[in-house]
Amino acid sequence: MGSISVEDQALLDKCKSKLGCDEYFQCLLVPSAELQRAAGLSEEQAHRVRHLLSRTTYPWRSKIAAASELGSQDEFITTGDERIDGCFGGGIRQQSITEIVGESASGKTQLCLQLAVSSLLESSDNRVVYISTEGAFPTGRLASMLAARCSETAVQRAMERVQVAEFDDMETMFHAMEYKLPALMGSGVVRLVVVDSIAAHLRFGADEATGQMGFYKRRSAQLVSLGAKLKLWATEYRCAIVCTNQVKDVVDDGDARPPLGGSLLPSASSVEGSVEGDGGFSALAVSRKAPALGSVWANIIDARIMMYQRRGLALSEFQRPENPADSAGHPPGHLMRTRRWLENAFSPWAPHAQCEVFLDASGFHHI
């Protein structure tokens, strides 16, 4: 029956006896008026009885109430920019898996480093685990981001709280993430875990015995297993897990349905055209691209952030590029510039939103 007082238990036993019911839940089938008459209860007592019966018969309802209370206690890692945080529903939510997807050079690693800086500077106890699968970890860039926000001494101390792991193949990465990552997370206050990128060793491959399809089947099984562990660790250690994902081309066959893995992603292809309007763009070339890991991974993550950029013609002298060669070959006064966007594609705690940003020494900022 659960933890209820002696008085409440006696009241339930009385109702069960007076109504001639074999089980407590059967009392819920009796109309309130009949319950009051048969058990000799006041309207307030009858309401109390029905509440107790509902709570003991359907214990999952109390769990829903507890979950709603936890919702108000959500913790987020800030990007350092209030407008961008607002686009993401408050920042990057802890106890969840957030994917950052975009084309090469769209700024995925830059955003991950920006989140790492914010986490490190939030508290001197916070640690960051950064798993790099696409070359050497950008130590210099992380140091420069920290230097833009704190002293040289603080930079050195913060860098010491970053645990970096680099992997060259899928098997080593999965083994380390399954056995070494929990040990790192349990050794201190790890607020952020970054996997940059989750797709590097999973996009292509083949098994000698089963071929490419065998590889994809094995990859799917590994992704499901890894996803379950990442969700468990995110909840157990109350940390945010951020994974970057690459993109793939989607052949346009006239099918308007979104590809497996989620929405189409705008391309970073260069755009040249007539200059109209305040924004300086008359059109945007949108090619069909989608997240690389497909629907299996899309059903594992909790939130998706899409990053994309456009190159086009701009009128404003304020937008003059640092390198004059970027505007070579274009009419006088028409200068090339790159525009960047961050988009909250989906998440259970924030609506779809988009924010135009620019990148400087300290990271991304809204425009």
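**Figure 1. Ser197 sits in the loop between strand S6 (189–196) and helix H10 (211–236).** Helices (H or I, at least four residues) and strands (E, at least two) are DSSP runs, numbered from the N terminus. The peptide bond from Asp196 to Ser197 is cis. Its omega is near 5°. Most peptide bonds are trans. This is a predicted model, in which local features need pLDDT of at least 70 and side-chain atom pairs count only at pLDDT 80 or more, while totals for chains, interfaces and linings use all residues. Residues are numbered from 1 along each chain as its sequence is written, and side-chain values use heavy atoms, with hydrogens and water left out.

**Figure 2. Gln95 and Ala105 carry positive phi values.** Most residues other than glycine have a negative phi. Phi of Gln95 is near 60°. Gln95 lies in the loop between strand S2 (92–93) and strand S3 (96–102). Its relative accessibility is 27%, so Gln95 counts as partly exposed. Here buried means under 20% relative accessible area, exposed over 50%, and partly exposed in between (1.4 Å probe, protein chains only). Ala105 has a phi of about 70°. Ala105 belongs to the loop between S3 and H6. At 58% relative accessibility, Ala105 counts as exposed.

**Figure 3. Helix H1 spans residues 6–19.** H1 has 14 residues. From first C-alpha to last, H1 reaches 20 Å, close to the 20 Å expected at 1.5 Å a residue. The expected span is 1.5 Å times one less than the number of residues in the helix. Which residues of H1 are buried? They are Asp8, Leu11, Leu12, Cys15 and Leu19. Seen down the axis of H1, these buried residues fall within an arc of 95°, so they line one face of the helix. The arc is that of the directions from the helix axis to the C-beta atoms. An α-helix has 3.6 residues a turn, so residues three or four places apart point the same way. Val6, Glu7 and Ser17 are exposed, on the face of H1 turned away from its buried side. Helix H2 (32–39) and helix H3 (43–57) are among what covers the buried residues of H1. Just after H1, Gly20 takes a positive phi of about 70°.

**Figure 4. The largest nonpolar core has 34 residues.** A nonpolar core is a set of buried Ala, Val, Leu, Ile, Met, Phe, Trp, Tyr and Cys residues joined through side-chain atoms within 4.5 Å. Ile92, Leu142, Leu146 and Leu192 have the most contacts inside this core. Helix H6 (residues 108–122) gives the largest share of the core, seven residues. A second, separate core has 30 residues. Val193, Phe215, Leu223 and Leu226 are included in that second core.

**Figure 5. Leu192 touches residues beyond its sequence neighbours.** Contact means heavy atoms within 4.5 Å. Neighbours within four places in sequence are left aside. The contacts of Leu192 include Ile77, Leu115, Ala116 and Ser119. Arg127, Val128 and Val129 are also among them.

**Figure 6. The structure holds two aromatic pairs.** Rings of Phe, Tyr and Trp (its six-membered ring) pair if their centres lie within 6.5 Å; planes under 30 degrees apart count as stacked, over 60 as edge-to-face and the rest as tilted. The ring centres of Tyr130 and Phe137 are 4.8 Å apart and their planes are at 65°, so the pair is edge-to-face. Both Tyr130 and Phe137 are buried. The ring centres of Tyr308 and Trp341 are 5.8 Å apart with planes at 25°, so this pair is stacked. Tyr308 is in strand S10 (residues 303–314) and Trp341 in strand S11 (residues 335–346), 33 residues apart, and the pair links distant parts of the chain. Both Tyr308 and Trp341 are buried.

**Figure 7. Arg304 is found in strand S10.** At 2% relative accessibility, Arg304 counts as buried. Arg304 and Glu343 are 39 residues apart in sequence. In space they are 8.4 Å apart, C-alpha to C-alpha.

**Figure 8. Ala292 lies in the loop between strand S9 (289–291) and helix H11 (294–298).** Is Ala292 buried or exposed? At 10% relative accessibility, Ala292 counts as buried. Ala292 and Asp249 are 43 residues apart in sequence. Their C-alpha atoms are 8.6 Å apart in space.
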